[in-house]
Structure formats: C-alpha cells, structure tokens
There are 4 protein chains.
Amino acid sequence: MNPILRAISCQVRVRYAETDAMGVAYYANYLTWFEVGRCDLLRQLGSSYRDIEHEDQIYLPVIEAHCRYKSPAHYDDVIEIKTTVTHPSRARIRFDYELARLEDRTVVATGSTLHVATTRDGKICKLPKRLTELFA
Amino acid sequence: MNPILRAISCQVRVRYAETDAMGVAYYANYLTWFEVGRCDLLRQLGSSYRDIEHEDQIYLPVIEAHCRYKSPAHYDDVIEIKTTVTHPSRARIRFDYELARLEDRTVVATGSTLHVATTRDGKICKLPKRLTELFA
Amino acid sequence: MNPILRAISCQVRVRYAETDAMGVAYYANYLTWFEVGRCDLLRQLGSSYRDIEHEDQIYLPVIEAHCRYKSPAHYDDVIEIKTTVTHPSRARIRFDYELARLEDRTVVATGSTLHVATTRDGKICKLPKRLTELFA
Amino acid sequence: MNPILRAISCQVRVRYAETDAMGVAYYANYLTWFEVGRCDLLRQLGSSYRDIEHEDQIYLPVIEAHCRYKSPAHYDDVIEIKTTVTHPSRARIRFDYELARLEDRTVVATGSTLHVATTRDGKICKLPKRLTELFA
C-alpha cells in the first residue's frame with residue numbers, strides 16, 4: 001500500500017476561459033487540472049481511466065478534495081503538475097498534486113483528492129486489478 | 001410548426017467563475033446560459049428536459065449554435081434570458097435567445113441553438129410527444 | 001471574531017453544463033457553488049463582493065479550499081447552499097458550506113474556503129470595514 | 001487582407017470536466033477549444049495574445065461565434081484543431097476552425113469567431129501591428 005514515489009509530471013497551459021475578473025486562474029479550475037494530472041499519471045503508468053470505466057465498469061468518484069493556493073496562475077502560464085498516487089485501502093485511491101509555474105518554478109498550489117471505487121450504480125467495490133497492480 | 005411566440009423569461013446572475021481576465025463574462029458561458037433559458041422554458045411550459053431524457057429516453061444534442069455578443073456582461077449582473085422555441089421538422093427543435101442586463105435593459109447578446117432528437121445510441125428519431133404537443 | 005451563526009441559504013439548480021460523463025455534477029463545480037453561497041451571504045447581510053472590489057479596491061482570493069462529497073448531485077436537482085462565515089484574523093475570512101438536495105434534504109457535500117484580503121497588486125491587507133462590521 | 005491559408009494545428013485532449021451527462025463533450029466547451037486554437041495559431045506565427053493585451057494594451061473580444069456540431073467528442077479523445085485566420089477590416093479579425101478526432105480523422109465540429117479590437121475601456125480601435133503584419 002505504499003505510494004508510487006516517482007512523481008509523474010504533465011503540463012497544462014492556462015486558458016483564457018480559466019481566468020477570472022481578478023486576472024488570475026479561478027480557484028475551481030485547479031481541481032480540473034488535478035484531473036488532468038491523475039489521468040495522465042494513469043496513462044503514463046500504462047493504465048487509463050477510460051479503460052477503467054469502459055472495460056472494468058468501475059468508477060472512481062472523488063469523495064474529498066483539498067487545495068492550498070500559494071501563488072496566482074495567470075493566462076498563458078505553463079503549469080507543471082506533479083502527481084503521486086497512494087492506495088490507502090482496498091476501495092480507495094488517493095492522489096497528491098504539486099502545481100508549479102514552469103517558467104520560474106514557483107509553486108502555485110498543492111492539493112489532494114481521495115477517490116472510492118464504485119460500480120455504475122454507485123455501490124462501493126474493490127479497486128480494479130488494473131490499478132492495484134501498479135502498487136505491487 | 002409555428003414558433004411559440006410568447007417568450008419565456010428567466011434570470012441568471014453572472015458568477016465570478018464565469019468572468020475572465022478581461023473583466024467580463026467569458027464568451028463560451030453564454031451558451032451555458034442558453035441552456036438555462038431553454039430548460040426553464042420547457043419547465044414553464046409543463047415539460048422538462050430531465051423527463052425527456054429519463055422517461056422518453058430521447059436526447060436533444062445541439063447540432064448548431066450561434067451567438068452575437070453586443071455588450072459585455074459583468075460579474076454580479078442579473079441577466080434576463082428570453083427564450084422562444086420553434087419546431088422546424090419532425091426531428092428538430094430550435095431555440096432563440098435574447099439576453100439583456102436586467103438593470104438597464106441593455107441587450108448583451110442574441111443567439112440560437114438547433115437540436116436534433118436522438119435515441120441514447122445516437123440514432124436520429126422523432127421529437128417526443130411531450131415536446132410536439134407544445135406546438136399543437 | 002465569532003462566526004455568524006445564522007446560516008444564510010440560497011439555491012442553485014444543477015445545469016447540464018455542470019454534469020459529467022458519470023451522470024452527476026463534476027466535482028470542481030461544487031467550488032463554484034461555494035462562490036454562489038458566499039456572495040449571496042454577503043448580499044443578504046447588506047454587503048456585496050462587487051462593492052468590496054469596486055469601492056474598497058480589496059480582493060479576497062481563496063488561499064485554501066476543501067470539499068467532502070457525500071452523495072452525488074444530478075442534473076436539474078435544486079441544491080440548497082447553507083453558508084456561515086467566520087473572521088479568524090484581521091486579514092482573513094472563512095466560509096463554511098453545507099449543500100443539500102432540496103427535494104429530500106440529503107446532504108450532498110460540505111466544505112470550506114479560506115480567503116485573505118489583498119490590494120489589487122496582491123499585498124495582504126486588513127479586511128474592509130464593510131466586512132468586519134458584520135461581525136461587530 | 002487575405003486569409004492566412006496555411007492551417008495551424010494544435011491538439012487538446014477531452015477532459016472529464018468537459019463531458020456532460022450525455023457522455024459527450026458539452027457544447028459550450030467547443031468555444032473554449034476554439035480559444036486554444038486561435039491562441040496557439042498566434043503563438044506559432046510568432047505573436048501572442050498575452051503580448052497583445054500586456055504590451056499593446058489591446059483586447060480582442062468576440063463579437064460573434066458559430067459552431068456546427070457534426071459528431072460527438074468523448075472523454076479522452078484527442079481533438080486536432082485546425083485554425084485559419086482572416087483580417088476582414090482594420091478593426092476586425094476572424095478565425096475559422098475545424099476540429100477532428102485524431103484517431104479516426106472524423107470531423108467533430110467546424111466553426112468561426114469574429115473579434116473586434118478595443119482599448120481597455122472598450123473603444124473600438126485598429127488591430128495592433130503585431131497582428132496586421134502577419135497578413136502583409
């Protein structure tokens with residue numbers, strides 16, 4: 001049940017759509033970038049959230065999300081998302097994120113999401129093999 | 001196949017999330033407000049898009065959308081959405097929108113969306129009775 | 001520095017735009033609903049975030065956000081947002097949220113946001129009188 | 001005033017956040033992808049919308065947008081955005097878009113946006129040299 005220590009990195013460029021009247025990225029969009037980070041991590045580890053849903057018929061809804069905003073992200077900034085993953089129990093998976101502006105390495109935010117495995121009709125179930133194998 | 005001439009009105013208040021770094025509402029969000037307008041129209045006419053999906057198992061994906069932006073909408077503005085609906089063919093339905101700032105009646109945008117009725121697996125079908133009855 | 005114990009309530013109806021392929025509201029949108037809750041609270045208490053920005057030239061960026069998802073929200077659900085506010089220090093303000101489906105009173109989520117007062121150029125400053133007076 | 005005929009291409013991967021309860025990308029998000037397309041075009045041509053705003057102090061708000069939806073885009077699809085640009089008058093610029101699923105080259109949508117150059121306070125002005133030079 002150890003975390004996958006090697007952080008997986010990917011990048012997003014801040015869209016104008018993601019900014020707000022304060023001239024910075026709106027705070028809810030960081031949770032969307034978290035999604036980009038965790039899906040990219042699964043893809044880089046040879047898995048895919050699409051396959052988990054389509055082939056395993058398992059969903060991973062978020063049951064808890066947390067974000068600490070440290071420095072604003074602006075339009076057109078390239079943000080590097082470092083994601084790590086932990087497997088705290090048979091039905092749960094947790095991702096931790098660090099977001100930094102690529103240009104000057106300033107950390108803009110850190111956060112985490114906790115997910116539970118469910119069937120299509122919402123019943124809690126075991127994580128699919130596809131995921132637990134990553135921690136073997 | 002005449003339009004429902006009586007315009008149905010509802011209101012949205014511009015959220016901070018919907019603004020951008022220009023200090024005004026981001027242009028894609030107007031299409032979300034169009035959705036609020038057409039769903040409210042159906043509800044006020046005694047129907048409901050939820051029922052169309054859940055009970056009739058029919059979907060109304062957008063096949064064309066158009067918007068003309070006339071004056072910017074700002075954070076906290078209350079926008080009145082006037083929606084009318086037309087039934088151009090057996091499988092299609094069209095909504096027209098006029099969005100105005102409530103405070104000073106300035107028109108901020110006009111637009112339209114064209115929808116086609118489909119089954120869950122994407123096959124084009126007739127509009128549900130629930131909808132065509134509105135035009136009788 | 002006591003919390004405003006009286007919870008202020010407002011409602012949002014879940015938009016189709018806010019749902020995702022899992023058939024439920026996407027998790028980042030809860031943070032947008034939090035925004036609706038806190039802005040409505042300020043308005044109901046006789047203040048306004050718009051005035052804080054425009055007249056006091058003070059911003060209240062989020063420095064921390066947390067959300068616990070308890071039950072999914074679906075398209076067209078009316079969600080009641082109960083918001084309370086605390087004033088933990090001279091420069092900070094915190095909001096707590098409880099979101100419940102209006103129809104059956106199921107709590108769908110709870111959460112909080114912590115904000116710091118800043119000037120337009122991002123320097124931390126005291127909360128505007130307009131806000132601290134609410135706690136007097 | 002000729003169009004830049006060479007189409008500039010970039011890619012987006014459909015985010016879960018961008019899908020809706022129909023299981024496909026929500027229609028308003030295509031306008032956000034248009035934004036990604038036109039900003040990338042400017043960047044590839046050696047210009048940048050960020051510089052237009054920051055250095056030229058000129059804004060390019062959208063005054064008209066149109067989209068024709070031809071085939072649904074699904075979660076995790078990679079969408080190729082081909083953008084061309086035309087310069088119809090001294091104050092206006094127009095972008096045309098074709099979006100195709102990378103995997104099978106299916107066109108998912110075509111569309112356009114028309115923009116007008118304005119100063120920070122909303123007065124219509126000439127397009128910045130940075131842009132008109134691209135058409136020389």
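How many helices and strands does chain A have? In this predicted model, chain A has three helices and seven strands. Followed along the sequence, these elements come in the order β-α-α-β-β-β-β-β-β-α. The radius of gyration of chain A is 15 Å, close to the 14 Å that the globule rule gives for 136 residues, so chain A is as compact as a globular protein of that length. Along the principal axes, the C-alpha atoms of chain A fill a box of roughly 40 × 30 × 20 Å. Of the 136 residues in chain A, 40% count as buried.

H1(C) has 16 residues and reaches 23 Å from its first C-alpha to its last. That span is close to the 22 Å expected at 1.5 Å a residue. Of the 16 residues of H1(C), 13 are buried, so this helix is largely enclosed by the rest of the structure. After H1(C) comes C:Gly46, with a positive phi near 95°.

The corresponding lines of description can be given for chain B. There, helix H1 covers residues 29-44. With 16 residues, H1(B) reaches 23 Å from its first C-alpha to its last, again close to the 22 Å expected at 1.5 Å a residue. In H1(B), 13 of the 16 residues are buried, so the helix is largely enclosed by the rest of the structure. B:Gly46 follows H1(B), and its phi is positive, near 95°.

Strand E3 of chain C leads from the inside of one chain to its neighbour. Within chain C, seven bridges join E3(C) to strand E6, residues 107-116, and the two strands run antiparallel. One pair of bridge partners here is C:Val62 and C:His115, the latter in E6(C). A:His66 has C:His66 in E3(C) as its bridge partner.

What does the contact between chains A and C involve? On the side of chain C, 16 residues are in contact with 16 residues of chain A. Helix H1 (29-44) and E3 of chain C each supply at least two residues of the side that touches chain A. E3(C) gives the most to this side, with eight residues. By class, the side of chain C that touches chain A has 11 nonpolar, three polar and two charged residues.

Chain D is superposed on chain B by a rotation of 180° with 0.0 Å of shift along its axis, at an RMSD of 0.0 Å. That is the relation of a two-fold axis. In chain D, the C-alpha nearest the axis belongs to D:His66, at 2.2 Å from it. Of the interface residues of chain D, 100% are also interface residues in chain B, so the copies meet through the same surface.

Conventions
Residues numbered from 1 in each chain as written. Chains lettered and ligands numbered in written order. Predicted model: local features only at pLDDT ≥ 70, side-chain atom pairs only at ≥ 80, totals over all residues. Pairing = 2+ DSSP bridges. Helix = DSSP H or I, 4+ residues; strand = E, 2+ residues; numbered from the N terminus. Contact = placed C-beta atoms within 7 Å. Nonpolar A, V, L, I, M, F, W, Y, C, P; charged D, E, K, R; others polar. Least-squares fit on C-alpha atoms with pLDDT ≥ 70 in both. Rg over C-alpha atoms; globule rule 2.2 N^0.38 Å. Buried ≥ 20, exposed ≤ 12 C-beta atoms within 10 Å, placed from the backbone. Expected span 1.5 Å × (residues − 1).
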